[in-house]
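Please open the model in your viewer and follow the selections below in order.

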Amino acid sequence: MKKYAIAIVGATGAVGQQVLKWLHELHFPFSSIETFASKRSSGRFIHYNRHSYLVQELNENSFKNKNICFFCTDESISKKYIPYALKEKCFVIDNSSFFRLYHDVPLIIPSINGHLFHPKHHLIANPNCATSILCSVLKPLSDLYSIQTVIVSTYQSMSGMGLNAMEELKYQSLAEFNGKYKRERKNHFHLSKDTFKYKIAFNCLPLVGTLLDDSWTTEEHKIINETKKILNQDFKIIPNCVRVPTFHCHGETVVVKFHQKIDLNVIIKHLKKQKELKICHKILPINSNCAQRLEVFVSRIRKVDNDTLTFYIVSDNLLKGAATNAIDIAFLAIGGCKE
Ligand SMILES: NC(=O)c1ccc[n+]([C@@H]2O[C@H](COP(=O)([O-])OP(=O)(O)OC[C@H]3O[C@@H](n4cnc5c(N)ncnc54)[C@H](OP(=O)(O)O)[C@@H]3O)[C@@H](O)[C@H]2O)c1
């Protein structure tokens with residue numbers, strides 16, 4: 001079997017570390033993995049099982065002799081460096097939002113719209129984490145009935161903002177217990193003032209991403225626009241995104257109104273057939289049980305009235321919402337499948 005030379009850009013971050021781990025766990029056929037980050041981290045080693053990877057500083061030449069590059073960095077790095085990777089004829093999977101709405105860049109969840117992949121594509125965008133989790137359930141529902149409106153409220157964990165945000169929550173929570181939060185806050189704030197004007201430990205923050213002039217946030221716009229692009233359908237989506245003080249997994253309460261009358265038994269039977277969904281009846285899925293799991297957990301499925309359904313979903317934003325979907329895209333590109 002052909003093996004591939006891989007580059008992980010942003011390998012020290014929350015998503016990059018999961019890409020490294022799951023390339024091994026899912027037995028992706030690689031011949032080598034090289035790990036890149038900023039100057040800050042170059043020279044560090046990242047360890048996975050018995051393997052150690054030296055972190056190199058990213059530059060324009062990092063993509064020479066690579067076949068597949070996973071970008072696990074923010075938009076500015078994708079914008080600047082992906083053209084260099086493409087020039088070297090690498091196949092690129094971008095986790096940032098920079099290219100997601102470009103009409104010539106497919107935005108892919110392989111189980112939903114993998115058919116859009118064509119070997120001529122050298123760049124594929126990986127969707128927003130809350131969007132991926134939502135689409136995994138909306139797609140099978142839309143196979144049964146036509147969707148009129150979706151109202152989704154998210155409960156997004158700190159890992160969705162990266163490693164520094166998780167550290168910040170850890171620090172704030174400990175400081176709160178030690179009664180030192182106010183005194184130490186200035187010295188230890190890792191994140192910019194704009195990002196965290198508000199204390200997140202033991203609080204919920206109705207702001208994910210940046211608040212825009214139209215009163216919606218960037219995250220809410222991503223959910224609206226990316227869901228429509230992935231499902232190739234146009235219905236009304238009303239998202240309300242909330243950051244909650246958890247470390248792992250995003251939860252979402254969803255209300256879906258259809259154009260037709262619905263049958264709850266038919267819906268549950270159909271959802272149970274989906275490989276990527278785990279339908280929970282007796283035991284409710286909670287974040288700590290869903291972290292490092294590949295499925296989207298669906299619970300509390302019930303009818304609101306004849307044409308309206310509601311349910312709760314939760315999944316690991318770093319996996320289904322990022323790393324393992326990115327690896328699924330790579331499997332799709334090489335025409336292989338997971339072991
Ligand atoms: N977290 C999620 O759930 C999630 C889900 C879907 C998509 N995403 C997207 O995935 C991307 C990464 O998110 P994350 O949560 O993993 O962030 P993160 O934990 O903050 O990691 C950022 C990574 O970028 C690297 N980096 C920063 N500046 C760099 C530079 N100048 N050159 C090369 N590397 C640089 C960092 O390396 P250093 O160690 O050198 O700082 C680190 O490895 C973002 O675009 C995010 O929106 C995240």
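Colour the protein by burial: of its 339 residues, 41% count as buried, a residue being buried if 20 or more other C-beta atoms, placed from the backbone, lie within 10 Å of its own, exposed if 12 or fewer, and partly exposed in between. This is a predicted model, in which local features need pLDDT of at least 70, side-chain atom pairs count only at pLDDT 80 or more, and totals for chains, interfaces and linings use all residues. Residues are numbered from 1 along each chain as its sequence is written.

Next, show the whole protein as a cartoon. There are 10 helices and 13 strands; helices (H or I, at least four residues) and strands (E, at least two) are DSSP runs, numbered from the N terminus. The radius of gyration is 20 Å, close to the 20 Å that the globule rule gives for 339 residues, so the protein is as compact as a globular protein of that length. That radius is taken over C-alpha atoms, and the rule is 2.2 Å times the number of residues to the power 0.38.

Now select domain 1 (4-126 + 322-334) and domain 2 (131-162 + 194-317), whose bounds come from an automatic or database domain assignment. Their C-alpha centres lie 26 Å apart. Across the boundary, 13 residues of domain 1 are in contact with 13 residues of domain 2, contact requiring C-beta atoms, placed from the backbone, within 7 Å. On the domain 1 side, helix H3 (110-113) and H10 each give two or more residues.

Which residues are closest to the ligand? Select Gly10, Gly13, Ala37, Ser38 and Gly162, the closest of the 28 residues that surround the ligand; a residue is near a molecule if its C-beta atom, placed from the backbone, lies within 6 Å of it. Domain 1 and domain 2 each provide at least three residues of this shell. Helix H1 (14-25), helix H5 (163-177) and helix H10 (319-334) each supply at least two, and H1 gives the most, with three.

Finally, zoom in on H1. Its 12 residues reach 17 Å from first C-alpha to last, close to the 16 Å expected at 1.5 Å a residue, where the expected span is 1.5 Å times one less than the number of residues. Nine of the 12 residues of H1 are buried, so this helix is largely enclosed by the rest of the structure; among them are Val15, Leu20 and Trp22. Just after H1, select His27, which takes a positive phi of about 55°.

Note on methods. Two residues are in contact if their C-beta atoms, placed from the backbone, lie within 7 Å.
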